[in-house]
Amino acid sequence: MDPKIGWFQPEQEGPSKELWKRLWDRYCRLKPNDKLKEGEEMKRNHEKANPAQFWHTNWASTYDLNRNREILIGQYGGTPWRPLNKEYDPRPIVGLHQEILDFYEYMSPTPEEHNMRRQVVRNIEAIVLELWPAARVEVFGSFRTGLYLPTSDIDLVVIGDWVNLPLRTLEDALLVKGICDKDSIKVLDKATVPIVKLTDKQSKVKVDISFNMNNGVRSAELIKEFKAKFSALGKLVLVLKQFLLQRDLNEVFHGGISSYSLILMTVSFLQLHPRADVLHPDCNLGVLLIEFFELYGRKFNYIKTAIRIKNGGTYISKQEMQKEMKDGHRPSVLCIEDPLTPGNDIGRGSYGALHVRQAFEYAYISLTQSVNPLNQAVINPNVSSILGRIIRVTDKVITYRQWIRHTFMSKNESVSPSSSEVSVSSFGESDSDGETNETSNGINKENGQSAVVACHSTLSPAVVSAALPASLQISQQHSGCTTVTTITSTSTACNNTATGNTPAWRTSHQQSQQKTNNHLNDISSVMTTQQPQANSRTAPSPVPSTGGTGSVPQQSTQEPRLQQTKQYRNQTGFIRLFNNKKRGQQQQLKGTTNNQQQR
């Protein structure tokens with residue numbers, strides 16, 4: 001299993017998986033393995049994460065989730081979009097549709113996230129207008145269309161009149177004004193589209209600034225038109241963007257596909273869909289998602305076919321596409337015609353498009369198996385998440401959203417004085433020492449006070465402001481359950497034991513781990529080194545209790561297991577003796593035959 005694409009599913013958990021995983025890990029240690037070293041390096045990077053280096057760190061990545069489950073999703077379970085006590089439809093395909101709706105509602109931008117990004121844009125716009133009063137700053141991309149994830153970047157374009165693009169001038173101004181740090185800004189002046197990449201110091205939001213690119217704004221308006229036409233477009237795109245983001249396949253610079261390419265692929269899928277119900281607001285999103293993965297993961301011909309969006313959408317051959325291309329360019333693997341600029345290939349930089357195809361195929365196989373009616377007895381939407389088989393939200397992303405929710409509250413909400421002590425650096429620290437990181441949960445214990453952090457899908461701003469500062473609540477969402485813990489101003493810890501309740505996902509994990517350990521103990525007791533046969537025939541005498549006077553001698557509880565072990569050893573020894581005798585006879589017969597042939 002590719003650690004970049006998938007992970008073990010709930011029905012694969014058990015003693016057998018733990019045993020074979022342990023054997024495989026031991027084999028990998030004996031044999032040099034670059035992938036294993038890469039996974040261990042990723043684990044160290046997670047433990048030593050520094051928010052100052054956020055511009056080149058993907059907090060949503062689930063690489064090697066099998067080995068780093070506790071680090072990546074150990075706190076919240078990875079599926080925070082599942083509401084508390086919600087009963088999903090027992091039919092898996094309908095349950096998947098309901099989960100997609102819940103995921104879209106959970107991952108949609110909150111007012112605090114939107115206001116935070118608007119503030120970042122205003123700060124950069126003020127610096128640009130101070131340098132060039134006649135210039136104009138426009139927003140495009142996912143922030144303009146509203147299809148952005150919590151860790152998505154902001155795309156800005158500066159429109160003005162320059163002979164040479166002032167990339168370095170803008171870089172120096174941003175550093176002087178303190179918008180970003182020196183190690184979190186980078187100028188890509190050799191790229192096809194020269195840009196300035198930076199990370200805002202206050203909000204840790206990534207920003208890409210380009211110059212005189214008018215097509216970006218026109219593309220955003222075109223996407224808005226498609227959103228109004230296809231009601232399912234926004235929901236599918238948000239799921240697909242998270243799917244690619246956590247697998248590091250969303251950056252063209254690293255071979256992935258851009259958000260614009262992904263949206264055009266989705267639009268083409270909906271335009272050419274054989275059923276007319278895709279335009280209906282109540283169409284099943286689970287069916288559409290599986291069909292999307294089937295199309296681009298198995299059926300689409302990446303070698304000969306190009307995608308065209310304009311005039312209702314169609315597929316064209318790459319030979320026809322090449323006739324319209326200028327400067328001798330050839331169509332790329334993922335060829336998508338720009339609907340605004342004829343002859344421009346949107347996917348020309350996606351050199352790793354076949355890796356994206358492989359990920360889509362994995363998602364198609366995983367989801368089709370989960371919604372198969374024959375597997376309904378094993379896969380229940382109310383027990384385990386079906387959408388969670390291909391998508392997980394890491395703890396760092398959840399904590400980052402909580403920090404945003406607390407730091408950038410709406411203007412109509414009151415903020416506690418103690419709340420300003422919470423820092424974004426709290427969720428970049430290492431918690432490898434095994435202790436609970438209260439700061440990462442949004443709790444500052446320096447002065448014995450607590451700060452509010454609440455997922456926007458569970459606690460409304462009115463509830464949070466009403467609870468400050470006497471009683472503060474923290475909402476921790478896990479896979480299928482939510483635990484709300486009440487913390488007073490003198491609290492010194494925040495955990496689930498405060499209410500006496502243990503999350504269901506952690507209880508099941510502990511029970512599964514206990515069963516695995518018992519099973520492995522049984523195997524180790526059976527597969528121990530063999531004793532002499534004479535001793536194995538003698539049963540040990542019961543060991544009396546060492547209690548005080550009047551204690552009743554008790555027989556050892558391990559006697560049945562020892563008897564089974566000795567019986568197994570006797571049978572194994574007899575089989576081994578028989579095999580050795582038979583092997584000797586065969587060798588003797590072979591030697592006699594050879595002697596006769598020589599004579």
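**Entry 1. The sheet of E6, E7 and E8**

I began with the open sheet of 3 strands, whose order is E7-E6-E8 and whose pairing is mixed. I note at the outset that the model is predicted. I looked up the edges and found E7 and strand E8 (335-336) there, each pairing on one side only.

I then followed the two pairings in turn. Strand E6 (residues 305-308) and strand E7 (residues 314-317) are antiparallel and share 4 bridges. Between E6 and E8 I recorded 2 bridges, and here the sense is parallel.

Which residues stand opposite each other? I found Thr305 opposite Ser317 in E7, and Ile307 opposite Tyr315 in E7. Ile307 also has a bridge partner in E8, namely Ile336.

I checked the hairpin of E6 and E7 and recorded 5 residues between the strands. In that hairpin, Asn311 takes a positive phi near 60°.

I next asked which way the side chains of E6 point. Thr305 and Ile307 point one way, whereas Ala306 and Arg308 point the other way. I noted that all of these residues are buried.

**Entry 2. Met321**

I located Met321 in helix H12 (residues 318-324). Is Met321 buried or exposed? Its relative accessibility is 0%, so I count Met321 as buried.

I listed what Met321 touches, leaving out residues up to four places away in sequence. The list consists of Ala306, Ile316, Cys335, Glu337, Gly343, Asn344 and Asp345. I also looked up the separation of Met321 from Gly343, which is 22 residues along the chain. Their C-alpha atoms are separated by 7.0 Å.

**Entry 3. The sheet of five strands**

I turned to the open sheet of 5 strands and wrote down its order as E1-E2-E5-E4-E3, with mixed pairing. Why is one side of E1 and of E3 left without a neighbour in the sheet? Strand E1 (136-140) and strand E3 (185-188) stand at the edges, and each has a single partner strand, so one side of each is left without a neighbour. I recorded an average twist of 20° from one strand to the next.

Within this sheet I examined strand E4 (residues 195-199) and strand E5 (residues 206-211), which run antiparallel and are joined by 5 bridges. Leu198 stands opposite Val207 in E5.

Helix H5 (residues 111-131) lies across E1, strand E2 (154-159) and E5. H5 runs at about 25° to E2.

I then checked the length of H8. It has 15 residues and reaches 21 Å from its first C-alpha to its last, close to the 21 Å expected at 1.5 Å a residue.

Which residues of H8 are buried? I found Gly216, Val217, Ser219, Ala220, Leu222, Ile223 and Phe226. Their cover includes E1, helix H6 (142-145), E2, helix H9 (233-245) and H10.

I found H10 mostly covered, with 12 of its 13 residues buried. Among the buried residues are Tyr260, Ile263, Leu264, Val267, Leu270 and Gln271.

I compared the span of H10 with expectation. At 1.5 Å a residue the 13 residues should span 18 Å, and the end C-alpha atoms are 18 Å apart, which agrees.

I described the packing by angle and distance, because two packed helices are described by the angle between their axes and the distance between the axes. Helix H10 (residues 259-271) and helix H11 (residues 285-299) pack at an angle of about 105°, and their axes are 11 Å apart. That angle makes H10 roughly perpendicular to H11.

On the H10 side I listed Leu262, Met265, Thr266, Ser268 and Phe269. These meet Leu288, Glu291, Phe292, Leu295 and Tyr296 in H11. I divided the residues of this contact into 7 nonpolar, 2 polar and 1 charged.

**Entry 4. The whole protein**

I closed with totals. The protein has 18 helices and 10 strands. I noted that 46% of the 599 residues count as buried. Among contacts between residues at least 6 apart in sequence, 67% join residues at least 24 apart.

Methods: Residues are numbered from 1 along each chain as its sequence is written. This is a predicted model: local features need pLDDT of at least 70, side-chain atom pairs count only at pLDDT 80 or more; totals for chains, interfaces and linings use all residues. Side-chain values use heavy atoms; hydrogens and water are left out. Two strands pair if DSSP finds at least two bridges between them. Axes are lines fitted to C-alpha atoms, for helices over the stretch in contact, and angles run from 0 to 180 degrees between N-to-C directions. Contact means heavy atoms within 4.5 Å. Angles under 35 degrees count as roughly parallel, over 145 as roughly antiparallel, 65 to 115 as roughly perpendicular and the rest as oblique. Ala, Val, Leu, Ile, Met, Phe, Trp, Tyr, Cys and Pro count as nonpolar, Asp, Glu, Lys and Arg as charged, and the others, Gly among them, as polar. The expected span of a helix is 1.5 Å times one less than its number of residues. Buried means under 20% relative accessible area, exposed over 50%, partly exposed in between (1.4 Å probe, protein chains only).
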